[in-house]
Amino acid sequence: MANILVVDDEMGIRELLSEILGDEGHVVATAENAQQARELRSGSVPDLVLLDIWMPDTDGVTLLKEWQRDGLLTMPVIMMSGHATIDTAVEATRIGALNFLEKPIALQKLLKAVQQGLTHSRDPVRPVSYIRPSVTTSADSGDHHAVPASSFSPPGATDLHHGHGMALAPAFAPVADNASNISFDLPLREARDAFERAYFEYHLVRENGSMTRVAERTGLERTHLYRKLKQLGVEPGKLSKKGG
């Protein structure tokens, strides 16, 4: 049993999350805005916070920055949003968010993220530098998981946004021309896009273009995966032929 704080301006979301987490045996407190969240945090330290990004008074990222600045970010925080961009999610994990959930949130993804958050260290969260993944030429590198979730994963977790930022990915065999040539001299946005492009190309080749299996491997909903591949300019059809 854990004490969980849910911060969201939508009553329906607060009630739904409270019901789900309550059924799991957790004690849930709710806040409809940043001010209520500040007051609750000043009185106690929750074991986990589910924090909406878009709120009318102060947005979730700003509140996260406040907690980090004031030394109050001593608990795992999972960000939530139905409209946030990848840049917003990256920014949140850079500040110290443990994970990012896209609304509507699938039940299994919610419970998995909560479990990961509750097993995470309660030491003060510190941003971690982005690290280039190690690369091996071995064709058999064991269990291939996505970047530890937080992964923005986890981390022991399985999605790109877990941990205090992007963690080291497991060693994997390069399957794209740019997989082992990501330069630290690139601007952050370009370096991140290059890594994500190589990451998704690897999984598409490994799963022979199966979007269902790639979605499972990377921890993304299929619609989010399609949108992400289009944004990166990755063509699943060509890669499935390459892996076949």
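Two strands are said to pair if DSSP finds at least two bridges between them, where strands (E, at least two residues) and helices (H or I, at least four) are DSSP runs numbered from the N terminus. The model is a predicted one, in which local features need pLDDT of at least 70 and side-chain atom pairs count only at pLDDT 80 or more, while totals for chains, interfaces and linings use all residues. Residues are numbered from 1 along each chain as its sequence is written, and side-chain values use heavy atoms, with hydrogens and water left out.

Strand β1 (residues 3-7) pairs with strand β2 (residues 27-31) in the parallel sense over 5 bridges, and Val6 stands opposite Thr30 in β2. Between these strands the chain passes through helix α1 (residues 11-23), and this β-α-β crossover is right-handed, a term for a path from the first strand over the helix to the second that runs clockwise with the strands pointing away from the viewer. In total, the protein has 9 helices and 5 strands.

Ring pairs link Phe195, Tyr199 and Phe200 into a cluster, where rings of Phe, Tyr and Trp (its six-membered ring) pair if their centres lie within 6.5 Å, and planes under 30 degrees apart count as stacked, over 60 as edge-to-face and the rest as tilted. By this rule there are 2 aromatic pairs. The rings of Tyr199 and Phe200 have centres 5.1 Å apart and planes at 80°, so this pair is edge-to-face.

| Residue | Relative accessibility | Class |
|---|---|---|
| Tyr199 | 4% | buried |
| Phe200 | 1% | buried |

Technical notes
Buried < 20%, exposed > 50% of the residue type's maximum accessible area, 1.4 Å probe, protein only.
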